[in-house]
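Hi,

Here is the structure I promised to pass on. Have a look at it first, and then read my notes below.

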Amino acid sequence: MTDGPPDAVSPLPDDVASPPRGTVVRPAGPPPETDLARTRRARRINRLLAERYPDAVIELDFTTPLELLVATILSAQSTDVRVNQVTPEVFATYADAAAYAAADRAHLEELIKPTGFFRAKTQSLIGLGQALVERYKGQVPRRMEDLVTLPGVGRKTANVVLGNAFGVPGLPVDTHVLRVTRRLGLTVSDDPVTVEAELCEMVEKREWTMFSHRVIVHGRRTCHARKPACGVCPIADLCPSYGIGETDPEAATRLVKEGPVRPAPNLVGQAGEWRS
Ligand code: SF4
């Protein structure tokens, strides 16, 4: 009789420099998570975030697809609060795509200056208006492949518009989604397009838009870039990064930022029917 099969898997003891010949060694600890287990965990995270942040909703003010497209372009390298401060006058001045196409550059720059990068954004908005007039009869297209051809519009902006203006599932990946989903171990990538594709594989399609909103709100209120409030995190049990932030519940509570309770966007009728 031998002691066991020669290829038995065993952890490497601390005081052994090298394993006996024929022994397969793997590090001690839990096995890697399977794709199925990660998918289940992602869906549980989504459900728990839905309970914790029932008020999660897009924080940009808008009433039409064009307004949302413009607001999202303005939100690059800015905050939603700042964008919401300038858009009432922008929207009142430029009511449709033709108005942006014919905009007075200096005037538009002045209006959007507080959002930063105002020259590049003005260029995008004028180009956007021209492209919509020339190629889409002044209307915002409702397909990803069309949206991403417009000046200033990438996949993130297109997903925001699809999900929130047209009711077409889209999963925008912004800085919060990138940071939080990496901490959660749902991805190891830092490429937004790759992360979007991976998350879309895990999360139910009908949940894509709200999953993104919830993760963004979680990132803004609890899982901050510098001081995550792990001690009061609703998904701590599902997070392999638990402990990188404050774990004491009282101290963690002080780190949490509560957001404003916002009404849902001014939808008219079903998804896709908007005030013109
Ligand atoms: S446990 Fe900490 S790191 Fe993990 S999601 Fe919660 S706040 Fe973020």
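Let's start with a charged pair: E33 forms a salt bridge with R38, and their closest N and O atoms are 3.5 Å apart. Salt bridge here means that a side-chain nitrogen of Lys or Arg lies within 4 Å of a carboxyl oxygen of Asp or Glu. The general idea is that side chains of opposite charge can pair when their charged atoms come close.

Before going on, a word on where this comes from: it is a predicted model, where local features need pLDDT of at least 70, side-chain atom pairs count only at pLDDT 80 or more, and totals for chains, interfaces and linings use all residues. Residues are numbered from 1 along each chain as its sequence is written, and side-chain values use heavy atoms, with hydrogens and water left out.

Back to the charges. R38 also has a salt bridge with D35, with 3.2 Å between the closest N and O atoms. D35 and R38 both sit in helix α1 (residues 35-52), three residues apart, which is about one turn of the helix. Helices (H or I, at least four residues) and strands (E, at least two) are DSSP runs, numbered from the N terminus.

D35 is exposed because its relative accessible area is 59%, while E33, at 30%, counts as partly exposed.

R220 is partly exposed at 27%, and E59 is buried at 16%. Over the whole structure, the search finds twelve salt bridges.

Now for the ligand. Which residues surround it? They are L184, H218, C223, P228, C230, C233, A236, C239, Y242 and I244, each with a heavy atom within 4 Å of the ligand. By class, that shell has nine nonpolar residues, one polar and no charged ones. For this count, Ala, Val, Leu, Ile, Met, Phe, Trp, Tyr, Cys and Pro are nonpolar, Asp, Glu, Lys and Arg are charged, and the others, Gly among them, are polar.

C230, one of the residues around the ligand, is buried, with a relative accessible area of 10%. S241 is eleven residues from C230 in sequence and 8.9 Å away in space, C-alpha to C-alpha. S241 lies in the loop between α11 and α12 (249-255) and is buried too, at 17%.

How many disulfides are there, counting pairs of cysteine sulfur atoms within 2.5 Å? The count comes to zero.

Two loop residues are also worth a click. F117 has a positive phi of about 45° although it is not a glycine, and K137 has one of about 50°, again without being a glycine. F117 lies in the loop between α5 (105-112) and α6 (118-136), and K137 in the loop between α6 and α7 (144-147). F117 is exposed at 56%, and so is K137 at 78%.

Finally, the overall picture: the protein chain has twelve helices and two strands, and 45% of its 276 residues count as buried.

Cheers

Conventions: Disulfide = S-S within 2.5 Å. Buried < 20%, exposed > 50% of the residue type's maximum accessible area, 1.4 Å probe, protein only.
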